[in-house]
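Hi! Could you help me learn to read a few features in a protein model?

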Amino acid sequence: MARKPRITVFLNESPQFPFDKMPWMAKVAEDAGFTDVALGEHIVYGPSANRDGTPANFRQYALPFRQDPTLPSWAEPLVMFGAIAAVTSHIRLLLSAVIAPLRNPVVLAKQLSTLDVLSKGRLVVMPTVSWQPEEYEICQVPWKQRGRRLDEHVEAWKELWTKTPASYHGRYYHFDNAYMEPKPVQLGGPTLFCSAGESMHDNFIRRVVRWGRGGVFAYFWPNDDDWAKLHSAMKAAWRDMSELEFVRTPLGMKFKWTGGGRGPCPVECFYEVMEQLAAQNSLHNILFKPAMHIDDPNEFPALAKQAIKRWPAWR
C-alpha cells in the first residue's frame, strides 16, 4: 500500500511572525488539514553565522553560514511545543532539530518525555549536531565530541524512557539508579528521525538503521546510489525501507519572488513545487514555510486553506 504523503507547516526562520502567535498558527494549520508542525533550533549564533553572506530575501530557507544572527528566528522549541501541544489535538509535533550535544541528556530526556505526554504521543524528535562550532564554544561543549555525544544522548534516552531505575555509562555521560517520570506515551519513547546534513554519510545511515524511523533532508535529495546504500544497510539489519519516512524541504526549487526578489512568493509557486516533487515520487513529507508567502500572520488562515486545497491530488 502506497504511503500517504504528509504536509508540514514550518514555523521557524519567520522573523516577521511574533513568537506568541505561533501556537495559534499551529492550531490554524491543524484545522486547515496540515499533518505536522515543525520547529528546529539554534540556541545561539556566533559571529560566523553569516560568514558566507545572507540571502537577498530573508524569507528563503537559510543555509549554513548564510544566516543573519540578528533576526529573531528561533524560539526555544521545547517551550514552544508545550504551548502548541496545549492548543492542538492531532497535528504531529516534529522537532526537526534539537542540538542534543549542547544539552544534558537526562534533562532533555525528561523534557521530551513530558512533551510526549502533553501531546498524547504526537512527538517526533530529530537529534542533530548542527553546523556551527561557535554555538558549541559559547555553550562550553567541545565541537569535536559532537557526534559521540549525540549517540550517547540517544542511548541514555532509551534507558530512561524504558527502565526504572535506569543506569547508563558512556564516554561522556554517566548515571546510576535514575527514577525518571513521566515515561513517554509512545512505547520505547518518541519517534526518532535522523539528520542527513548535506550528504547520505555513513553516520546518518548507521543511525537510521540502529534507531531511526526516518529523517530530514534539508539541503539535498538522495540519488539512486544513496538509496541503494541505505536499502542495503537496512536489509542487513533485517529492517525494511517501508518503515522509514523522509521529510523534504523545497530547497533548490525555483521560487518566483515579488518586489524585485525581496518580496513574498505567491502560493502558486508552492503548487508548482508540489507537482515537481510528485513527478519525482519523493512525497513522503514536504515542508511548507508560511514566512515565504506572507508577512502578516493574520493572513495565515487564508494562506493555509490555499496551500492545502491541492492536497487531495497527492493522495
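Q: What should I know before I start?
A: This is a predicted model, where local features need pLDDT of at least 70, side-chain atom pairs count only at pLDDT 80 or more, and totals for chains, interfaces and linings use all residues. Residues are numbered from 1 along each chain as its sequence is written, and side-chain values use heavy atoms, leaving out hydrogens and water.

Q: Is Arg 59 buried or exposed?
A: Buried means under 20% relative accessible area, exposed over 50%, and partly exposed in between (1.4 Å probe, protein chains only). Arg 59 has 5%, so it's buried.

Q: Which side chain joins Arg 59 in a polar contact?
A: Look for a pair of N or O atoms within 3.5 Å; within protein, one must be able to donate a hydrogen and the other to accept it, and residues adjacent in sequence count only if both atoms are side-chain atoms. Here the partner is Asp 295, at 2.7 Å.

Q: How many aromatic pairs are there?
A: Rings of Phe, Tyr and Trp (its six-membered ring) pair if their centres lie within 6.5 Å; planes under 30 degrees apart are stacked, over 60 edge-to-face, and the rest tilted. The structure has 13 such pairs. In one of them, Phe 204 and Phe 217 have centres 5.7 Å apart and planes at 55°, so that pair is tilted.
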